[in-house]
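Visitor: I am new to reading protein models. Could you take me through this one and explain the words as we go?
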Amino acid sequence: MKLKIAVLPGDGIGPEITKQAVKVLKAVAERFDHDFQFEEAVVGAAAIDATGDPLPADTLELCAGADAVLFGAIGHPKYDNDPDAKVRPEQGLLNLRKGLGLFANIRPVKAYPKLIDHSPLRPERITGADMVIYRELTGGIYFGKKSTSEDGRSATDVCTYSVDEIERLSHLAFKAAQKRRKKVTLVDKANVLETSRLWRKTVANLSAEYPDVALDFLFVDNAAMQMILDPTQFDVILTENMFGDILSDEASVIGGSIGLLASASVGEKSAMFEPIHGSYPQATGKGIANPVASILSAAMLLDHFGLTREAAVVRDAVEESLHLDVCTQDLNKNNYYSTEKVGDFLEGYIIEAGNMRLN
Ligand code: IPM
Ligand code: MN
């Protein structure tokens, strides 16, 4: 298969981890005879430094013309504590999501048996946890009208949702549930928010089209607690933009490291693949960042194009690296491997595992 992949390394550890994901995709291309072409562009703080714009027009154009986008991370400390900053790196990511119409953000979370002791949660609670969060990504409070009063003493963020926005994501969540354990949990705050009541009504109506899928509802505060108390109850979590952002960071605790969580953001035409973690500025350039979230995002990219055998080989490689403790510092304190070395191990395994499978 021929694929044109736009690579947006972004800020902080973004370039280091993305480099390993590209290495892994090149290994897959070599082993399975695909033609993957990569083209890089700037985004985020790196783009502000280079052009003044966190999402330069050239970058958006490259992404819109590509089959897929591989995204690193975004954010820089110099903007975090500056509420008056006129332009922020995060705006690059938000504009990209909006500009490419990436309305569905898919974030799988599971407890790896080998890493069960890395989670601060008790092993018996998280054993068997395996869920996927379907987060709405181009609406809600993130994209509503924002304003600050003239005297600077009040500020407003508007949250709006339409039935169409809710339905298009919900269909994907229900279809995913049909291929999994056939359960969707809608997370909202319908006891308080009008938008949440619209979500509940819309999702309840739509669920009639999926009689084989069980639907239940949780308020977001309760969902946050249930995630820690009994994460195995979840199969597909369906939720709006900001709740999904918060719950997915919380869910990463189950896997033992946020450095493992991958995501796919998909729309009608485009698809982007990115780790859920941020730019981890303290680790930048030290070779200690975990590249696995970016590499598992690359596996989701392969799945997206129907390359399921290839994606399975990448996931096998990751499982094997966890078994052999070929891990970065977050997972192996005493005898850890560098970002680059983990990438090298996976590259080697993919080429060999491909051999075993083909022969
Ligand atoms: C994420 C991130 C982004 C978000 C930030 C960087 C804008 O936290 O992808 O989860 O809030 O969506
Ligand atoms: Mn987040």
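Visitor: What makes helix H7 oblique to helix H8?

Guide: In this predicted model, H7 (residues 163-178) and H8 (residues 194-206) pack at an angle of about 50°, with their axes 10 Å apart. Angles under 35 degrees count as roughly parallel, over 145 as roughly antiparallel, 65 to 115 as roughly perpendicular and the rest as oblique. An angle of about 50° therefore makes H7 oblique to H8. The axes are lines fitted to C-alpha atoms, for helices over the stretch in contact, and the angles run from 0 to 180 degrees between N-to-C directions. The helices themselves are DSSP runs (H or I, at least four residues), numbered from the N terminus.

Visitor: Which residues make the contact of H7 with H8?

Guide: H7 brings Val163, Ile166, Glu167 and Ser170, while H8 brings Leu198, Trp199, Thr202, Val203 and Leu206. Two residues are in contact if their C-beta atoms, placed from the backbone, lie within 7 Å. By class there are 6 nonpolar, 2 polar and 1 charged. Here Ala, Val, Leu, Ile, Met, Phe, Trp, Tyr, Cys and Pro count as nonpolar, Asp, Glu, Lys and Arg as charged, and the others, Gly among them, as polar.

Visitor: Why is H11 called roughly antiparallel to H12?

Guide: The axes of H11 (residues 292-304) and H12 (308-323) come within 7 Å and cross at roughly 160°. That crossing angle makes H11 roughly antiparallel to H12. Among the residues in this contact are Ile295 and Leu302 of H11, and Val314 and Arg315 of H12. The contact of H11 with H12 has 9 nonpolar, 1 polar and 3 charged residues.

Visitor: How do you know which residues surround ligand 1?

Guide: A residue is near a molecule if its C-beta atom, placed from the backbone, lies within 6 Å of it. Around ligand 1 we find Ile74, Gly75, Glu90, Leu93, Leu94, Asp245 and Ile276. Helix H5 (residues 89-99) gives the largest share of this shell, 3 residues. The shell divides into 4 nonpolar, 1 polar and 2 charged.

Visitor: How should I read the numbering and the model?

Guide: Residues are numbered from 1 along each chain as its sequence is written, chains are lettered from A and ligands numbered from 1 in the order in which they are written. In this predicted model, local features need pLDDT of at least 70 and side-chain atom pairs count only at pLDDT 80 or more, while totals for chains, interfaces and linings use all residues.

Note on methods:
Helix = DSSP H or I, 4+ residues; strand = E, 2+ residues; numbered from the N terminus.
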